[in-house]
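Let's work through this fold together, one question at a time. Keep the picture handy as you read.

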Amino acid sequence: MPIQSNKYPLNSEEDLLVIHSDNKPLSPEDVDDLEGPIDEEEPLELPDVFKTVDVLKKQGLELLGDRESCSGGIFGPIFKLKVKDIESGEEFFLLERTFTDVKDIERRFCILETGGLPGKPDSEPSYEIINKTDNHKNKLVIDYLYNEEHALRDLQGIKGIPKFFGAVYDDLKGSILMEYIDGPDLSMVLMQNKSERPNLDILATLEKVKSVYTAAAEKGFINNSPVGGTVMLDDKYDPYLADWYLYSQGRIDADGPVRDKYLQGLKDIEDLKKSLASL
């Protein structure tokens, strides 16, 4: 990943360092908004649907009708979109996962206090906020939307990774457009009795989850929660790893924290298989 050191004055005491060359600087007002306080009475602000339409047009797609509410996500509402391929006329559905800026857990960004100490979070930061006096990092800023876009874009072609149709950026809000998997979430299936899922070999499904997880890790993206995050199942019970806002990035063929993270993910999958096999 290209790294470019772009430093911008944030206030009298701090500078903003833009780590990724394709990220735009945050303004002092943006950072203030991210740090709060939050107005709980503020209405939910969604990414502008016209920005979604523009991204779809770049993919050769036309939005048909309105957003259809699908479910609530950790970052904001999730919508089902009916679209048409402008060239072929084919109609199908996409999923739009929004990243809003209303409540702390629903934000597109996360600011981590570092206390001036070196360290790295469990996901790739996009910005650093640096103390001008001693040049130490005061805070790391993670852009969840950027992370998910970056991972999905680079992992296309792996069976079990949803097809990616673009990202919408609308100031501090945004959304991810991805393939709509018409099936249940693995976490919901695991809550069912065996009699409620007679055609599902759950151990075989988890082995497929491990294959997707490993294939992504071999391309440098280690999913932080391969069985704890969103894993969608299609009508054949094939799994799709849909959560990519948190990951560690690096090589797994050398000793170090990245490989340790990868091995922990494998262990989590195997532990779940063992617990289910004993039921």
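Q: In β4, which residue is the bridge partner of glutamate 68?
A: This is a predicted model, so keep that in mind as we go. β3 covers 61–72, and β3 pairs with strand β4 (residues 77–85) in the antiparallel sense over eight bridges. Look in β4 for the partner of glutamate 68, and you land on lysine 80.

Q: Which strands stand at the edges of the open sheet of five strands?
A: Read along the order, β3-β4-β5-β10-β9. An edge strand here has a single partner, so one side of it is left without a neighbour in the sheet.

Q: At about what angle does helix α2 run to β9?
A: Find helix α2 at residues 49–58, lying across β3, β4, β5, β9 and β10. Compare its direction with that of β9, and the angle is about 145°.

Q: Is aspartate 15 buried or exposed?
A: Aspartate 15 sits in strand β2 (residues 14–20), and its contacts include Lys7, Tyr8 and Glu128. Buried means under 20% relative accessible area. Aspartate 15 has 14% relative accessibility, so it counts as buried.

Methods: Residues numbered from 1 in each chain as written. Predicted model: local features only at pLDDT ≥ 70, side-chain atom pairs only at ≥ 80, totals over all residues. Heavy atoms only, no water. Helix = DSSP H or I, 4+ residues; strand = E, 2+ residues; numbered from the N terminus. Buried < 20%, exposed > 50% of the residue type's maximum accessible area, 1.4 Å probe, protein only. Contact = heavy atoms within 4.5 Å. Pairing = 2+ DSSP bridges. Axes fitted to C-alpha atoms, helices over the stretch in contact; angles between N-to-C directions. Lists of a residue's contacts leave out its neighbours within four places in sequence.
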